[in-house]
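User: Could you take a close look at one strand in this model and tell me how it sits among its neighbours? I'd be glad of a connected account.

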Amino acid sequence: MGLLSDPNRRRALISLLTRLNAPICVLCYFAGVCWFMGLAFEPFTLRTYMSENAMGSTMVEERFPSGERALATGREFAAHKKKVGGMPVDWLVKTMQARGLEVFTQSFSRTLPFPDENKERYIVKGTNVYGILRAPRAPRTEALVLSAPCSPGDNNNQAVGLLLGLAHYFRSQIFWAKDIIFLVNEHDLIGMQAWLESYHHTNTTGMDWSPLQGRGGSIQAALSLELSSDVITSFDIVLEGLNGQLPNLDLANLFYAFCQKIGVLCTIQGRLQRNDWDSVSGYSHAVQTMMLMVMKQASGRPWGDHGLFLRYHIEAATVKGINSFRQYKTDVTTVGRLLEGMFRKLNNLLERLHQSYFFYLMPSLSHFVSIGYYMPAFGLLAVILLLRALDLWVQFANPPAVTADGVADIEQQSSPGVLSVLTPLVISHLTGASLYFLPTRFQETAVEHFPVSETEAVVLTAIAVYTAGLALPHNTHRLLSGEGTEQGWRVLKLVAVLYLAVLLGCTALINFSLGFILALTLVPVAAFVTPHVPKTLSAIILVVLSPACTLLFSVFFFQELQEMPVSFQDGWLLYLSVISQGMLDHYLYGSLVYPLIALMVYPCWLLFWNILFWK
């Protein structure tokens, strides 16, 4: 405190920070990157452990016996689904009623803002079917959910069969203290969104749905089941939800504990567990697993039906059966025992899961990185912005330089007008607003004048607006205030750097992965850009580090991590698809990534673009 309260020492410290500003910034950047890459190293990770006492032991005897019967039910479901060309609602209602459940249906419809060409749908109409097993020894104020989406074709038929088999088996048990809801939702996430909105009496997306006729208690936890084969070799748990939300870590710990108990092979991000942490290959495997989680979380989209439960503070995960590792085989009876054990432990909860972590990264199912370990990596990048802001403030506050003849430089002494800073801020944000609103508003006009589909029109309009932002008058401050000054660009950069620091900080608190990826690319831009650097080379660097190019590189990097590399042409088509899906996720489910990029990140990047071409 004495160092900061003494004016002489404070001036000496500020002088040191400004004199060594560039080396310290470079050192902080590489330290932040190295810190993040070291997170997958075993000394930086913690072993997973159960924090909730009610689930601390797996001393549960699982007796589910009806695996073959569940497969037969799944085949029967597939036949009726093929016969009616969609969800066999009547058959599901009769089957659930025969198993002693209170059965209800819900119809819903949704018109998409533009066609989803990946799934070939525009106007979506469907019906959800759910049955409620009432708790025999409780006041029925709490509930658990087991869901299985009715997917097109032959996908997920086995999951619906197992869901019905578990419903029949659970009906004969008397120890349930919570209602158990068995839900079969149509049209994947859209059907799940309609059911959750109706269950909680909210309508945030403008979807049309019928009110639920039957309800259980307050939902404490949920599992979504995905099985598409009679033989399962391993189970993968999917945790990433809407806007990067994650369930309580105890839910993943519970899944891992029962997999270990029953002897089932389990994976995360589709990758097997490895124990050779001290080897180079083991460390590389852990880094790739963690990076896959980072990329999925940064996307902001729900990676399973469970992802929509998290916005209602319901801990949920998707359990996905994989048939890839041929040396291992698990029958459906074992799968049923796994789910039975998890539900019996969740049934013991006296309160919502809250004692374990909500912010974490997982290089494997047995290890995790807590928020206290990974936040310093972002902090090292964010401190660069504060150092650059300090340097600019000192330069702005110092008196003007004196020439050899003792006369002050008048150009340096002149103060920038308010409009010289306000004008580029307003124009940049108007460009961002155009990027957000115009693509969906002008899709019909684009289709009329160009030979493209509506989806292509939306994506190409977004790219056109984004590119047009680069062609705006580079010296936007001159539109109202005349010539720019040397102090003018310094003030604008000071505002832009502080704006970026606050923006990235808030983003990292909500979605660390997205904030860190944006910081990796935008912090160098904010640090080096001035009007006095070589224009051509700097413009190329700024474009390469822009949000659009960051997304393009992320698409190729994600494919490499999944060991499914693509050519540039296929990667470009996938990039266009990612843009359209990002917009759909925003309009359908409320994903915040698209408005964040369009309304805040892109306008902030345009400010640095404007500074580069300042005259």
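Analyst: Happy to! Buried here means under 20% relative accessible area, exposed over 50%, and partly exposed in between (1.4 Å probe, protein chains only). Strands (E, at least two residues) and helices (H or I, at least four) are DSSP runs numbered from the N terminus. This is a predicted model, so local features need pLDDT of at least 70, side-chain atom pairs count only at pLDDT 80 or more, and totals for chains, interfaces and linings use all residues. Residues are numbered from 1 along each chain as its sequence is written, and side-chain values use heavy atoms, with hydrogens and water left out.

The strand to look at is β7, residues 218–226, where seven of the nine residues are buried. Its neighbours come next, with strands counted as paired if DSSP finds at least two bridges between them. Strand β4 (residues 142–150) runs parallel to β7 and is joined to β7 by six bridges. In this pairing, Ser218 of β7 has Glu142 opposite. Strand β10 (residues 315–322) also runs parallel to β7, again with six bridges. Here Leu225 faces Val319 of β10 across the pairing. So β7 has parallel bridges to β4 and to β10, and is mostly covered because seven of its nine residues fall under the 20% cut-off for buried.

For contrast, turn to helix α13 (residues 418–441), which holds Leu430. Leu430 has 53% relative accessibility and therefore counts as exposed.
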